[in-house]
Amino acid sequence: MMKLFIDETRCKGCNICTMVCPYSIFTPGDTPNRRGIYVPVLDRPERCTNCRLTYLYGRQLCGVCSMICPDQAISWIADEPYSARCVVIEY
Ligand code: SF4
Ligand code: SF4
C-alpha cells in the first residue's frame, strides 16, 4: 500500500489541495504547527486512488493534489505491508 504524505516543512497552508481532491481527503487544518502554518488534515487517506491502486496498476492514477501543490509538499510513501494479526483464543 502507498500512504499519502504531506511534508510539513514545505507546506504553506494555502489549501489548494483541499479544493482539488475528488474525495475531499484534504481538509483545512485547525491547529497551527510550530511555524504557524495550518497544514491540512487528511481524512481517511486510504480512500485516495493512488493509495489504493498504484501497486495494482503499476502507475500513478490521480496525483492531482501533488501536481497542483505549489510547494511540492504532497507525495506518497510506501506503507507497511499488510500483515495478518494473530488472535489467540483461550478456552
Ligand atoms: S497545496 Fe501544498 S502547500 Fe498548499 S496546503 Fe496543500 S500541501 Fe500545503
Ligand atoms: S491523488 Fe487524487 S484522490 Fe488521491 S489525495 Fe490526491 S487528489 Fe485526492
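Let me begin with ligand 1, where the residues of the shell divide into nine nonpolar, two polar and two charged, with Ala, Val, Leu, Ile, Met, Phe, Trp, Tyr, Cys and Pro counted as nonpolar, Asp, Glu, Lys and Arg as charged, and the others, Gly among them, as polar. This is a predicted model, in which local features need pLDDT of at least 70 and side-chain atom pairs count only at pLDDT 80 or more, while totals for chains, interfaces and linings use all residues. Residues are numbered from 1 along each chain as its sequence is written, and chains are lettered from A and ligands numbered from 1 in the order in which they are written.

Around ligand 1 there are 13 residues, the closest being Cys11, Cys14, Cys17, Cys69 and Ala73, where a residue is near a molecule if its C-beta atom, placed from the backbone, lies within 6 Å of it.

Ligand 2 is likewise surrounded by 13 residues, and the closest are Cys21, Cys48, Cys62, Val64 and Cys65. Helix H2 (49-57) and helix H3 (64-68) are the elements that give two or more residues to that shell, helices being DSSP runs of H or I with at least four residues, numbered from the N terminus. By class, the shell around ligand 2 has ten nonpolar, three polar and no charged residues.

Cysteine 65, leaving aside neighbours within four places in sequence, is in contact (C-beta atoms, placed from the backbone, within 7 Å) with Cys17, Val20, Cys21, Phe26 and Ile74.

Finally, phenylalanine 5 and leucine 42 are 37 residues apart in sequence and 8.9 Å apart in space, C-alpha to C-alpha.

Terms used:
Two residues are in contact if their C-beta atoms, placed from the backbone, lie within 7 Å.
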